[in-house]
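Open the model in your viewer and keep the sequence panel beside it. We will go from one selection to the next.

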Amino acid sequence: MTDDPYADPRTLRELGARAARWTLRGAAVGVAVSLVLLAVTSPKGATDTAFALGALVFGFGMFAWATAVGLGETLDGVQNRLDVSSAWTEAGAREAFFVLSWAGAGWAFAAAAASVALGV
């Protein structure tokens with residue numbers, strides 16, 4: 001028996017389902033942003049801008065998630081050492097940036113798919 005929660009297939013299925021849900025929500029945002037931008041610029045400009053915004057969200061989410069994983073225990077320790085109370089937790093930060101990463105990935109993918117659909 002291992003203590004690794006990710007060794008459990010149910011945990012992996014749940015994690016995959018949550019990632020898929022946030023990717024689909026991000027894809028909906030990517031399509032919506034592409035369509036809104038079509039009102040103000042060319043199809044290529046709209047999908048390029050939507051892709052760049054999605055990639056920015058994805059990159060920020062990945063960077064911040066990696067930071068939360070790498071420095072989470074340190075930040076918890078600093079809070080305890082300084083006796084500072086806040087609502088920040090390592091698990092909460094990891095969850096938040098998990099959401100941003102998958103939503104950004106879906107957003108960028110949908111913007112790329114929209115550019116293919118628009119023929120640009």
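Select G119 to start: this glycine lies just after helix 3 and takes a positive phi of about 75°. Helices here are DSSP runs of H or I with at least four residues, numbered from the N terminus. The model is a predicted one, in which local features need pLDDT of at least 70, side-chain atom pairs count only at pLDDT 80 or more, and totals for chains, interfaces and linings use all residues. Residues are numbered from 1 along each chain as its sequence is written, and side-chain values use heavy atoms, with hydrogens and water left out.

Next, highlight helix 3, residues 90–118. Its end C-alpha atoms are 42 Å apart, in agreement with the 42 Å that its 29 residues should span at 1.5 Å a residue (the expected span is 1.5 Å times one less than the number of residues).

Now pick A93, within helix 3. A93 is buried, at a relative accessible area of 6% (buried means under 20%, with a 1.4 Å probe and protein chains only). Beyond its neighbours within four places in sequence, A93 is in contact with A68 and W88 (contact means heavy atoms within 4.5 Å). Draw a distance from the C-alpha atom of A93 to that of G104, eleven residues away along the chain: it reads 16 Å.

Notes
Axes fitted to C-alpha atoms, helices over the stretch in contact; angles between N-to-C directions. Helix = DSSP H or I, 4+ residues; strand = E, 2+ residues; numbered from the N terminus. Buried < 20%, exposed > 50% of the residue type's maximum accessible area, 1.4 Å probe, protein only.
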